[in-house]
Amino acid sequence: MRTQQAQAPRYVVNGGTVLDGRVRVSGAKNEVLAAMCAALLTDEDVILENVPDISDVASLGELLTAVGAEVERLESGRLRINGGGVNLFEAPTELITENRASFQVMGPLLARHGLAASAPPGGDVIGQRPIDVHLEGFQAMGATITRESGRYVVRRTGGQRLVGTRLFMDYPSVSGTQNVMMAAVLAEGQTTIVNAATEPEVQELARLLNLMGANVSGIGTQVLTIEGVERLHGATARVMPDRIEAGTWAVAAVITGGDVVIEDAPWPVMDAMINKLRATGGTVEEQDGSLRVTGNGPLRPLSFQALPYPGLATDLHAPLATLLTQANGISVVHERVFDNRMLYVGELRKLGAEIVSTASSAIISGPTPLHGAHVRALDVRAGAAVLLAALVAKGHTVIDEIHHLDRGYERLDEKLRGLGVEIERT
Ligand code: UD1
């Protein structure tokens with residue numbers, strides 16, 4: 001999958017199709033990546049089901065293999081990971097910089113082996129993305145942290161295990177909570193994380209850890225309590241469907257005035273998005289575990305803020321902004337999570353959108369007829385935003401740098417074609 005980037009593929013979309021049909025949501029990127037790291041906490045097999053075929057999974061798999069784990073794709077979207085052979089406690093720099101989630105090998109390596117080293121993680125350039133919350137958590141549990149040749153080296157000092165403690169997170173960081181929780185499950189005694197992230201993917205990781213023999217309580221609240229255990233064992237778990245992908249399909253249905261059944265949409269964790277889609281005039285109905293989303297008639301403008309869960313997900317900010325370019329009036333958008341989420345604005349303007357923005361807010365005037373142009377997918381969700389715009393743009397839109405889309409969306413062009421869209425990957 002990594003070769004796709006080298007060959008620089010692009011999407012060419014011919015806009016104007018009204019989407020119609022059914023589409024199935026793949027497994028959640030932000031859960032599966034953390035779950036893959038959690039497998040390093042035991043030397044027994046961890047089997048994950050509903051694993052999406054996305055490049056972030058492939059590159060994290062390479063990283064896990066590089067540190068000595070076995071990573072094997074099984075049939076039917078399953079992935080087997082065995083961390084019994086881990087013998088390198090340092091994440092190779094070229095792999096750690098591919099995505100943000102890779103840094104979550106640190107907690108498991110530290111907890112089990114007492115040593116973990118890594119360069120600062122990569123991922124989308126959507127803000128400063130510090131890792132202080134992760135490091136402060138490790139430190140609070142008795143680890144020392146040094147910077148050696150640009151890498152963070154985290155060492156357990158004293159006994160055989162980290163030591164449970166009560167810690168406050170300055171920010172309810174998603175990957176920070178996941179990383180510290182994974183370190184705490186094997187610590188001696190109790191760890192309390194106050195101001196923990198409550199995102200569904202954090203909750204699912206906690207449930208997986210419990211299946212592996214951990215004792216995490218307070219799941220879904222901002223206070224997690226973790227009673228450390230001496231060892232974890234293998235487990236099999238199904239990755240939840242991706243709420244961001246589901247939200248992207250919902251926007252695609254409404255913006256094209258279409259009628260789409262989104263199978264496997266995790267609607268109980270999509271309240272904020274469903275609420276905003278209805279506010280614009282879209283129809284969203286739950287049907288036997290699926291969401292049927294239809295767009296009918298003129299769209300209303302709205303204001304929204306992207307917030308930590310259960311607020312509107314920052315990953316759906318850019319897709320929703322695209323929808324508002326077609327709403328009848330002025331919409332105001334505020335980003336409250338990342339400080340550089342507005343990369344999509346310039347690209348949407350190339351397609352004809354009327355948007356002005358600051359570092360964290362955008363004002364969108366609509367409806368503007370969009371027209372095909374040559375644009376770039378500047379990060380995974382900015383890529384989704386331009387793709388959605390291309391669906392309603394007149395003529396052909398060429399989207400470059402789609403390796404960003406490959407990081408988070410499985411078989412995107414194939415799924416779009418299934419709904420009637422004229423799209424080619426060239
Ligand atoms: C994860 C998701 C990403 C999603 C984001 C917010 C993964 C792989 N990615 O990213 O798709 O958009 O959650 O839902 O799961 N922060 C600090 N200190 C830290 C860590 C973060 O101040 O140590 C700040 C960041 O600067 C940012 C905010 O916290 O402003 C949110 O970041 P965080 O929740 O950590 O997001 P990620 O885990 O990187």
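Reader: Where is the place of Asp264 in the chain?

Author: The place of Asp264 is in the loop between strand E14 (259–263) and helix H10 (271–280). Helices (H or I, at least four residues) and strands (E, at least two) are DSSP runs, numbered from the N terminus. The model is predicted, so local features need pLDDT of at least 70 and side-chain atom pairs count only at pLDDT 80 or more, while totals for chains, interfaces and linings use all residues. Residues are numbered from 1 along each chain as its sequence is written, and side-chain values use heavy atoms, with hydrogens and water left out.

Reader: Why is Asp264 called partly exposed?

Author: The relative accessibility of Asp264 is 26%. Buried requires under 20% relative accessible area and exposed over 50%, with partly exposed in between (1.4 Å probe, protein chains only). Asp264 therefore counts as partly exposed.

Reader: What is noted about the phi of Asp264, and what about that of Asn195?

Author: Asp264 is not a glycine, yet its phi is positive, at about 70°. Asn195, also not a glycine, has a positive phi of about 70°. Most residues other than glycine have a negative phi.

Reader: Where does Asn195 lie, and why is Asn195 called buried?

Author: Asn195 lies in the loop between strand E10 (190–194) and helix H8 (200–211). Its relative accessible area is 18%, so Asn195 is buried.

Reader: What makes the pair of Phe103 and Tyr152 edge-to-face?

Author: The structure holds 1 aromatic pair. The ring centres of Phe103 and Tyr152 are 6.4 Å apart and the planes stand at 75°, so the pair is edge-to-face. Rings of Phe, Tyr and Trp (its six-membered ring) pair if their centres lie within 6.5 Å; planes under 30 degrees apart count as stacked, over 60 as edge-to-face and the rest as tilted.

Reader: How do you know that this pair links distant parts of the chain?

Author: Phe103 is in the loop between helix H4 (93–96) and helix H5 (106–113), whereas Tyr152 is in strand E8 (residues 151–156), 49 residues apart. Phe103 is buried, because its relative accessible area is 0%. Tyr152, at 14% relative accessibility, counts as buried.

Reader: What sits over the ring of Tyr152?

Author: The charged end of Arg147 sits there, 4.0 Å from the ring centre. The rule asks that NZ of Lys or CZ of Arg be within 6 Å of the ring centre and within 35 degrees of the ring normal.

Reader: Which peptide bond of Pro367 is cis, and what does Asn328 touch?

Author: The bond joining Gly366 and Pro367 is cis, with omega about -5°. Pro367 has its place in the loop between strand E20 (361–366) and strand E21 (374–376). Asn328 touches Pro298, Leu299, Pro301, Gly366 and Pro367, not counting residues up to four places away in sequence; contact means heavy atoms within 4.5 Å. Asn328 itself is found in the loop between helix H11 (317–324) and strand E18 (329–335). Most peptide bonds are trans.
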